[in-house]
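Colleague: Walk me through reading this model, one feature at a time.

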Amino acid sequence: MAQVKVYSGGSVSTLDVDASLFGDKILGRTLKDAVVMYEANVRQGTAKTKTRSEVAGPNKKLWKQKHTGRARMGSKKVVHWRGGGTAFGPVPRDYSYRMPKKARRVALRNAVYSKLCDGEMCIADGWPTEAPSTKRAVSVLAAVGAVGSALVVTAESDSVLYKSLRNVPHVSVRPVTDLNAREVLLRRHMVVTPAAMEQIKVR
């Protein structure tokens, strides 16, 4: 069993959560592979350098091949000259790839399990519901000690809570359906709503 902070009604208490629902040990290799995959999938892949054929300049041979005492030289656009092309430079490419679905699920369970074991997971209620309020949302994070870096997990997409926390540095708001290993490990604390906690257990 793991101890989890619970903030409700203005007071903080603790709750025992069965950590075995998320696994019995942390699989470091699986977590690492999942995080590398998610990081690769968000890469733009737009880096580009000009090759010898793309650099502006003449193709005329600079001087004759022999009897000049100089090294033989063809175009002014050769890669070892200043202003020339780049050899083996980056070109636009797609870095994304996919892990098996079961492996991604195992990585997510392990990420949540690591938060439980490290005492970095808590349950909080009392978020703004009618209108966005950054002050009220930050006060909830402060009550559970998760101001510096936190991932707030909701049962469903919550535009009010998202607008309340979107300007707070190092704080993200995600519904349960959007959770993955990278999102969980990116922030230090994981703050979930009571409804989201039930969905996480079922998932």
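Modeller: Start with pairing: two strands pair if DSSP finds at least two bridges between them. Strands here are DSSP runs of E, at least two residues, and helices are runs of H or I, at least four, numbered from the N terminus. This is a predicted model, where local features need pLDDT of at least 70, side-chain atom pairs need 80 or more, and totals for chains, interfaces and linings use all residues. Numbering starts from 1 along each chain as its sequence is written, and side-chain values use heavy atoms, without hydrogens and water.

Colleague: In which sense do β4 and β5 pair?

Modeller: Parallel, over 5 bridges, with β5 at residues 171–175. Val152 sits opposite Val173 of β5. Between β4 and β5 the chain passes through helix α4 (residues 159–165), and this β-α-β crossover is right-handed. That means clockwise from the first strand over the helix to the second, with the strands pointing away from the viewer.

Colleague: Which residue of β6 is the bridge partner of Ala150?

Modeller: His189. β6 (residues 189–192) runs parallel to β4, joined by 4 bridges.

Colleague: Why is β4 largely enclosed?

Modeller: Buried means under 20% relative accessible area (1.4 Å probe, protein chains only). In β4 (residues 150–154), 5 of the 5 residues are buried, so the rest of the structure largely encloses it. Ala150, Val152 and Thr154 cover one side, Leu151 and Val153 the other.

Colleague: Where is confidence lowest?

Modeller: pLDDT is the predictor's confidence in each residue, from 0 to 100. Strand β2 (residues 11–17) is lowest, at a mean of 74, and helix α1 (residues 28–41) highest, at 94. The chain mean is 89.

How values were computed
Buried < 20%, exposed > 50% of the residue type's maximum accessible area, 1.4 Å probe, protein only.
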